[in-house]
Amino acid sequence: MKKIRTRWRSLLLAVALCPFGAHAASSAPARVPDTIEQRVAACIACHGREGASTNAGYFPRLAGKPEGYLYNQLLSFRDGRRFNSDMAHMVRHLSDAYLREIAHYFAELDLPYPPVSTRSDASAQTLARGKVLVLEGDAARGIPACTQCHGQALTGTAPAIPSLLGLPRLYLASQLGDWLNNGRHALPPDCMAEVGRKLNADDINAVASWLALQPVPANPKPAAAPPGPLPLPCSAMGK
């Protein structure tokens with residue numbers, strides 16, 4: 001009887017220990033690949049999978065933006081010309097070369113845009129005003145048309161002027177508001193600061209509301225050059 005009890009104790013001990021031993025063997029840390037895809041994975045938490053914007057209503061799309069634009073914005077967050085605590089924390093210790101590598105990665109992504117909503121709570125009058133400002137500007141107030149810099153298709157201009165399409169209305173309004181309120185800066189000559197100071201809250205709401213409803217064309221690539229001479233000197237274009 002004593003021998004039987006001893007065998008049972010040994011068997012139960014083996015069964016009890018077996019799962020822990022298997023777990024210990026399987027919990028060895030996996031080797032993380034040292035690739036640019038892995039290193040920019042943190043960006044996806046806010047900007048969406050592979051840099052395509054989420055439906056959260058604020059974060060902008062990164063995929064396919066001009067490399068020069070993305071690089072300039074990363075520099076601005078790092079150097080204090082743009083202010084976002086999360087972005088500043090992410091890039092504050094990164095070198096120029098590393099920021100350029102990140103910008104190049106996202107610029108090269110070619111991902112489909114999600115469908116654009118056709119619904120808005122903006123009035124017809126507000127949308128009409130936004131369309132005029134985007135396509136024609138307001139010469140009497142010294143406001144150029146958005147198309148003069150961002151391209152006739154509004155998909156941006158290489159090397160460093162971004163697309164205005166496929167972006168959440170809230171994001172567009174907040175960024176235009178930052179230019180108006182002197183909360184966002186670029187290296188001089190800061191053309192958007194010049195334009196932003198001439199806008200008012202109604203202008204910003206109108207422009208953001210109209211742009212947020214515009215479909216993204218089949219070819220969303222940035223234009224190779226502006227449609228004509230820039231209306232203002234702009235550091236984004238090296239002028």
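Partly exposed here means a relative accessible area between the buried limit of under 20% and the exposed limit of over 50%. Keep that range in mind while you walk through this predicted model, where the salt bridges come to twelve.

**First stop: Asp 79.** Select Asp 79, which is partly exposed because its relative accessible area of 41% falls in that range. Next, bring Arg 81 and Asp 96 into the selection, and you have a network of salt bridges linking Arg 78, Asp 79, Arg 81 and Asp 96.

**Next stop: helices α2 and α6.** Show Arg 39 and Glu 101 together; their salt bridge has its closest N and O atoms 3.7 Å apart. Arg 39 belongs to helix α2 (residues 36-39) and Glu 101 to helix α6 (residues 96-108), so this pair ties together parts that are 62 residues apart in sequence. How accessible is Arg 39, in relative terms? Arg 39 comes out at 35%, which counts as partly exposed, and Glu 101 is partly exposed at 34%.

**Last stop: helices α7 and α11.** Select Arg 129 and Asp 203, a salt bridge in which the closest N and O atoms are 3.8 Å apart. Here distant parts of the chain are linked: Arg 129 sits in helix α7 (residues 124-135) and Asp 203 in helix α11 (residues 201-212), 74 residues apart.

Definitions and conventions. Residues are numbered from 1 along each chain as its sequence is written. This is a predicted model: local features need pLDDT of at least 70, side-chain atom pairs count only at pLDDT 80 or more; totals for chains, interfaces and linings use all residues. Side-chain values use heavy atoms; hydrogens and water are left out. A salt bridge is a side-chain nitrogen of Lys or Arg within 4 Å of a carboxyl oxygen of Asp or Glu. Helices (H or I, at least four residues) and strands (E, at least two) are DSSP runs, numbered from the N terminus. Buried means under 20% relative accessible area, exposed over 50%, partly exposed in between (1.4 Å probe, protein chains only).
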